[in-house]
Amino acid sequence: MGSSKPWLNPAPTYRPLDGGIWDSEDDAPGPRCSHTLTAVAATKSHGPRLILFGGATAIEAGPASSSAPGIRLAGVTNSVHSYDVVTRKWTRIRPAGDPPSPRAAHAAAAVGTMVVFQGGIGPAGHSTDDLYVLDLTNDKYKWHRVVVQGQGPGPRYGHVMDLVAQRFLVTVSGNDGKRVLSDVWALDTAQKPYVWQRLNPEGDRPSARMYATASARSDGMLLLCGGRDVSGTPLSDAYGLLMHRNGRWEWTLAPGVSPSPRYQHAAVFVGTRLHVTGGALRGGRAIEGEAATAVLDTAAGAWLDRNGLVTSSKANKTHSDLDPSLELMRRCRHAAASVGARIYIYGGLRGDVLLGDLLCAENSPFESDINIPVAASERTCTGSKVVQPGSVGNYHGQSSDGVLPLSGGISLSTMDKNSMEKLVEASTAEVEAVRTVWQAAQAASTSPSDETSASDENTVAADTASDGSDVEADVRLHPRAVVVAKEAVGNLGGMVRQLSLDQFEHENRRMMPVNSDTSPLTRKVTRQKSPEGLHKKIISTLLRPRNWKAPVDRRFFLDSYEVGELCHAAEQIFMQEPTVLQLKAPIKVFGDLHGQFGDLMRLFDEYGFPSTAGDITYIDYLFLGDYVDRGQHSLETITLLLALKIEYPENVHLIRGNHEAADINALFGFRLECIERMGENDGIWAWTRFNQLFNHLPLAALIEKKIICMHGGIGRSINSVDQIEKLERPITMDAGSIVLMDLLWSDPTENDSIEGLRPNARGPGLVTFGPDRVSDFCKKNKLQLIIRAHECVMDGFERFAHGQLITLFSATNYCGTANNAGAILVIGRGLVVVPKLIHPLPPPVNSPEMSPERTIDDTWMQELNIQRPPTPTRGRPKPDQDRNSLAYI
């Protein structure tokens with residue numbers, strides 16, 4: 001039963017939390033079952049909350065009206081209780097407006113800071129199929145009944161509902177009082193008037209069922225799990241419901257072997273892991289033992305229990321009395337929700353006893369969609385409150401993925417036909433490369449000093465954003481880019497021309513893998529002295545845009561002592577700077593350089609260089625990270641940039657990339673280059689000292705409070721600039737948070753048509769973010785443009801999210817295979833953004849030294865890049881690469 005794959009993390013162990021605090025007994029939800037538990041995002045006045053609604057609060061003896069003979073529903077309620085996960089306080093809330101009728105076995109879904117309820121059964125029979133919305137956006141809570149035109153799903157109970165692709169309310173299965181159902185309905189929350197549409201998905205369709213669970217993964221897949229069929233037989237299968245970009249819906253049977261069939265259980269996604277708990281077997285007998293806690297890892301296509309990989313369904317006979325945590329999970333008709341990496345469970349039914357306890361577990365440290373703060377007293381998931389008696393009912397709860405209000409015009413996040421199969425192709429090498437960093441970042445996300453992931457979709461912009469009234473110009477991209485002709489020799493050697501942006505045919509071909517009110521002018525940075533003008537020596541040696549030549553013997557001209565002095569001087573400057581730099585235009589922005597020092601010299605030569613003999617007196621320079629690895633001259637690249645920073649501390653600016661981390665640059669060339677060019681002892685010492693410096697680098701930059709620059713992106717957790725500012729430096733990747741991981745590692749989705757969040761092929765737990773995330777982030781922070789690097793793009797720059805985001809890459813012919821152009825962005829005083837490009841150099845004709853990036857004896861780096869190839873070009877078919885490679889880092 002134990003997993004043979006160590007990167008497949010077993011199901012977690014649930015433990016009771018203290019029941020929380022409340023002002024009066026009426027605020028405590030008490031024992032109940034068949035309720036819903038829904039996680040909603042934070043607002044201005046509240047942290048993230050769990051919303052508990054409805055359910056049965058008592059049981060009575062009598063004729064069997066459910067799967068548990070001898071008991072029947074009683075005390076069905078429509079009360080609403082809120083649990084603040086930070087303060088651990090329960091509060092009964094009484095929203096204004098007409099509430100839904102008392103009900104149980106209903107369905108609920110979170111939509112930002114709202115919760116939508118539908119269906120169920122109550123004292124008067126089936127509830128209507130009206131949609132009720134509980135609006136928690138501000139302190140004036142209110143019920144709304146949504147007007148939906150035409151025919152809908154009709155009254156039903158024991159069904160499931162969730163928000164798919166952050167846009168579509170999808171409801172599946174249930175019982176209408178006459179029969180068990182298998183139909184699927186969807187409501188587009190972005191289109192008014194609201195209309196239910198009955199879907200006819202293709203693929204392997206699930207059978208009719210009730211008391212199943214369903215939870216939507218953040219990238220837009222709804223996973224239906226278990227249930228009870230028309231004959232009363234519990235089911236063990238799971239199906240993914242996907243919507244393709246052409247609007248076609250499709251069912252896909254999930255792989256793996258479930259630990260047990262079940263119904264009246266609970267399930268909720270955290271990242272790509274569906275956490276399944278409890279449930280009942282035929283006759284209402286509760287699932288016992290290890291099978292009561294399971295995880296379906298959709299990225300690996302495997303079911304896991306607490307012992308690891310499940311290879312066969314197990315009998316229900318176990319010695320749960322030997323393990324109190326197993327007895328704790330013997331329940332059905334409970335509800336579950338997730339907040340960050342936490343899974344919460346409330347209530348349920350065990351035999352003829354109602355439960356009123358709150359349980360908690362931590363997801364695998366590699367996966368989480370949101371980084372949510374919790375009180376320090378709750379971080380250990382321990383408590384002593386025991387369960388209390390009480391009646392009968394149903395099932396599940398939903399998680400909040402930071403989804404948008406019901407009226408938001410959000411377009412579809414799609415997956416292709418083989419989405420499930422692609423997710424199953426998990427790469428062990430990918431996991432190993434990112435595993436250490438991700439695990440530590442996730443573990444650190446539970447520390448009291450962690451940043452708040454402000455996932456409230458309705459809050460005003462953070463104070464870090466400008467109100468826009470103090471800057472006359474708006475950001476706009478110039479309609480033409482400046483391009484150096486491809487011919488680099490002969491009479492055409494210096495030709496520069498301008499091309500319309502519409503002529504860039506490769507733009508969609510990407511290579512995959514502070515206090516803002518403080519003006520920078522009031523924060524004078526002291527120039528640091530280096531011994532005997534060390535930084536001037538470096539600038540004199542390396543800043544030769546026209547005639548720099550790579551050293552013939554590959555020996556680096558600095559020793560380890562000089563490297564240490566250089567790093568110390570630069571480090572003192574970085575320590576004085578804020579985490580988010582506040583910069584002014586005009587400014588030049590550079591993307592990834594990756595040790596391709598020859599390209600840096602070419603860009604300096606063609607478009608100006610930072611020197612009093614160049615243009616430093618009237619324009620600043622900003623570099624977006626990834627200075628080292630992959631290329632052959634990482635040492636020249638990083639030492640020159642540090643020397644320029646020391647010489648011009650208020651004009652040259654560096655922020656951190658994902659390769660400015662020891663765990664990464666130990667694998668992708670920088671460590672090897674230090675050893676090969678400086679000797680083993682000096683090389684390892686220098687490499688270590690550089691990485692200590694990297695921990696002090698700023699993490700982002702704001703230009704005129706209208707343009708934000710970062711290395712990776714906003715991922716799933718970054719909703720305000722303030723979150724980045726709160727990251728304290730020095731910071732290591734393994735001591736960082738999900739905010740840091742998203743900032744340095746996340747990417748935009750493949751194109752503007754793919755919205756929301758999707759798994760990122762770079763590694764487990766990493767995400768891509770859609771144009772909707774970009775638009776929302778810019779709107780909330782009053783920004784007009786995001787400039788990021790991190791991905792090789794064929795034309796050196798690429799627009800995304802209708803021009804609200806630009807990916808920038810400055811190294812040409814990445815890894816000697818991509819044949820891509822390199823680019824910089826020049827932002828003028830009027831905030832007009834002009835792309836300026838260079839093309840790859842042609843192969844050397846007679847003089848190899850004319851092409852410094854192609855020295856013949858640099859075979860060591862070529863071999864390294866063969867072992868760890870770059871990610872394939874976006875827009876080209878992705879070959880079936882060796883999955884033991886680290887191609888996606």
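**Exercise 1.** How many aromatic pairs does the structure hold? Describe the pair formed by Tyr239 and Trp251.

*Solution.* The model is a predicted one, and it holds 20 aromatic pairs. As a starting point, a pair of aromatic rings is described by the distance of the centres and the angle of the planes. For Tyr239 and Trp251 the ring centres lie 6.2 Å apart and the planes stand at 85 degrees; since planes over 60 degrees apart count as edge-to-face, this pair is edge-to-face.

**Exercise 2.** Classify the pair of Phe809 and Tyr814 from the angle of their planes.

*Solution.* The ring centres of Phe809 and Tyr814 are 5.1 Å apart, and their planes are at 70 degrees, so the pair is edge-to-face. Both Phe809 and Tyr814 are buried.

**Exercise 3.** Which strands does β30 pair with, and in which sense?

*Solution.* Begin with strand β29 (residues 335–339), which pairs with β30 in the antiparallel sense over five bridges, Val339 having Arg342 as its bridge partner. These two strands form a hairpin with two residues between them, and Gly340 in the turn has a positive phi of about 65 degrees. Then turn to strand β31 (residues 353–362), which runs antiparallel to β30 and is joined to it by eight bridges; here Gly348 is partnered with Leu355.

Methods
Residues are numbered from 1 along each chain as its sequence is written. This is a predicted model: local features need pLDDT of at least 70, side-chain atom pairs count only at pLDDT 80 or more; totals for chains, interfaces and linings use all residues. Side-chain values use heavy atoms; hydrogens and water are left out. Two strands pair if DSSP finds at least two bridges between them. Helices (H or I, at least four residues) and strands (E, at least two) are DSSP runs, numbered from the N terminus. Rings of Phe, Tyr and Trp (its six-membered ring) pair if their centres lie within 6.5 Å; planes under 30 degrees apart count as stacked, over 60 as edge-to-face and the rest as tilted. Buried means under 20% relative accessible area, exposed over 50%, partly exposed in between (1.4 Å probe, protein chains only).
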